[in-house]
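This report describes one protein chain, part by part. The sequence and the structure come first, and the notes follow.

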Amino acid sequence: MLRLLQPGPKLNPGVAVEFAWCLHYIICSQVNNALLITHGALSTLGLLLLDLAGAVQRSEDAGLELLVCPVFRCLSNLLTETAVEAVGGQMQLRDERVVAALFILLQFFLQKQPSLLPEGLWLLNNLTANSPSFCTSLLSLDLIEPLLQLLPVSNVVSVLVLTVLCNVAEKGPAYCEHLWPGPLLPSLLDMLTFSDTDVIGQSLELLQLLFLYRPEAAQAFLQQSGLQALERHEEEAQLQERVHALQRTALHG
């Protein structure tokens, strides 16, 4: 099955779609995902992702979403396996071209099929969650601003974008230096005007991380009426504790 998913002139798109979905269901069944990883599943799927991004750039994108969706899901689910680190799975994908290819596909789906954006962002979340190297790729390729441009698409997309940014911020001060100054803080202030609890909650978490590692950002937040933005959510039971915690951090460090 993995051989039939190898990119190249012999790749049959129709066959690849069927086997990619088969692989997805096998992975979801949790039979032996460590075995799949040791047989190079992450490497094969990563190369296929690069190939699909190349097809977009060559405008050979007819029916592309039929294959991209299961490939996204296979990679996302394999990356959550505890066996990934144990068998060197991350090493199979340690290549910033994977991040670049993912963004090419995200931009493509933003125009053609926004419903697939959450699939790609969930993969980006799983790539960056435990990997400083993928967070570094995100920064070195200047992809923070393109990521922020996805925020208005939907609440689901917003939460996933913010989660990826939290993954970057929690890696420490050196990573947060790339997040502020810049467009992140104005974007987060815009997010605080939303009413969706999940969006606000993830925005609060990101602001906490940013203030922890970049105290100067807290001062900028105060100067840009950040406290007033927080006051809107003080009475919401699910958010109250986090709102008060962020107010204390912003005011007292």
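## A buried phenylalanine and its surroundings

Phe134 counts as buried, because its relative accessibility is 2%, and buried means under 20%. The model is a predicted one. Phe134 belongs to helix H9, which covers residues 132-140. Glu81 stands 53 residues away from Phe134 along the chain, and the C-alpha atoms of the two are separated by 17 Å.

Ser131 sits in the loop between H8 and H9. Ser131 also counts as buried, because its relative accessibility is 3% and the cut-off is under 20%. The side chain of Ser131 takes part in two contacts described here. A polar atom of this side chain lies 3.1 Å from the backbone nitrogen of Phe134. The side chains of Ser131 and Ser133 are joined by a polar contact of 3.0 Å.

## Two domains

The chain is divided into domain 1, residues 1-141, and domain 2, residues 145-252. In the contact between them, 17 residues come from domain 1 and 17 residues from domain 2. The C-alpha centres of domain 1 and domain 2 are 29 Å apart.

The size of an interface is often expressed as the accessible area lost when the parts come together. For domain 1 and domain 2, the buried area is about 1,500 Å², and 80% of it is on carbon and sulfur atoms. Three residues, Leu121, Asn125 and Leu139, supply 33% of the area that domain 1 buries against domain 2, more than any other three residues.

## The domain 1 side of the contact

How many salt bridges are counted between domain 1 and domain 2? The count is 0. Polar contacts do occur across the interface of domain 1 and domain 2, where 6 residue pairs are found, with both residues of each pair at pLDDT 80 or more.

Helix H7 (96-112), helix H8 (117-128) and H9 each supply at least two residues of the side of domain 1 that touches domain 2. Which helix gives the most to this side? H8 does, with 7 residues. By class, the side of domain 1 that touches domain 2 has 12 nonpolar residues, 5 polar residues and no charged residues.

## Backbone features in loops

For Gln30, phi is near 60°. Gln30 is placed in the loop between helix H1 (13-28) and helix H2 (33-38).

Asp142 has a phi of about 55°, also a positive value in a residue that is not a glycine. The loop that holds Asp142 runs between helix H9 (132-140) and helix H10 (144-148). Is Asp142 buried or exposed? Asp142 counts as exposed, because its relative accessibility is 61% and exposed means over 50%.

A further backbone feature is the cis peptide bond that joins Trp180 and Pro181, with omega about -5°. Pro181 has its place in the loop between helix H12 (173-176) and helix H13 (184-191).

How values were computed
Residues numbered from 1 in each chain as written. Predicted model: local features only at pLDDT ≥ 70, side-chain atom pairs only at ≥ 80, totals over all residues. Heavy atoms only, no water. Helix = DSSP H or I, 4+ residues; strand = E, 2+ residues; numbered from the N terminus. Buried < 20%, exposed > 50% of the residue type's maximum accessible area, 1.4 Å probe, protein only. Domains from an automatic or database assignment. Contact = heavy atoms within 4.5 Å. Buried area = accessible area lost by both parts, 1.4 Å probe. Salt bridge = Lys/Arg side-chain N within 4 Å of Asp/Glu carboxyl O. Polar contact = N/O pair within 3.5 Å; in protein donor to acceptor, adjacent residues only side chain to side chain. Nonpolar A, V, L, I, M, F, W, Y, C, P; charged D, E, K, R; others polar.
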